[in-house]
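Here is a friendly walk through one structure, with strand pairing and ring contacts as the topics. Please have a look at the model before reading on.

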Amino acid sequence: MDETWAPEACTLPTAERPFRVAEFDDLFSTHLHGAVRVDPQTLDVTLDADARTTVEDLTARENECCSFFTFTLTGTTLRIAVPPTQTAVLDGLSERLPR
């Protein structure tokens, strides 16, 4: 599992990272309807409405270790934003989206 996109700023213990990546992979593979890269710092992901609780839990835990993420859930759209210094992280996350 490629985790090279995880930034040094991430405080999640290295041993737990594959599990977190797997949670995002599962969310995307199970609930993804579409994704649009709004700009280099912003990704909008459209998910099933029934994924809301999972999304809220996962994004809250992700903010605990990677506080540079801004997650905004509006209806079925999850907006993921990062500062300019973290666009590579968003690139890596985007690449994990099912095609």
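Strand β3 (residues 70–74) and β4 run antiparallel and are joined by 5 bridges. Strands here are DSSP runs of E with at least two residues, helices are runs of H or I with at least four residues, and both are numbered from the N terminus. Two strands pair if DSSP finds at least two bridges between them. This is a predicted model, in which local features need pLDDT of at least 70 and side-chain atom pairs count only at pLDDT 80 or more, while totals for chains, interfaces and linings use all residues. Residues are numbered from 1 along each chain as its sequence is written, and side-chain values use heavy atoms, leaving out hydrogens and water.

β3 and β4 form a hairpin with 2 residues between them, and G75 in the turn has a positive phi of about 65°. β4 (residues 77–81) is also joined to strand β2 (residues 42–47), again by 5 bridges and antiparallel. One bridge partner from each pairing is listed here.

| Residue | Bridge partner in β4 |
|---|---|
| F71 | I80 |
| D44 | R79 |

Now to the rings. The structure holds 3 aromatic pairs, where ring centres of Phe, Tyr or Trp (its six-membered ring) lie within 6.5 Å, and planes under 30 degrees apart count as stacked, over 60 as edge-to-face and the rest as tilted. F24 and F28 form a tilted pair, 6.0 Å centre to centre with 45° between the planes. About one helical turn separates F24 and F28, because they are 4 residues apart in helix α1 (residues 17–31). F24 counts as buried (under 20% relative accessible area, with exposed over 50% and partly exposed in between, 1.4 Å probe, protein chains only) at 5% relative accessibility. F28 is buried too, at 1%. Elsewhere, ring pairs link F68, F69 and F71 into a cluster.
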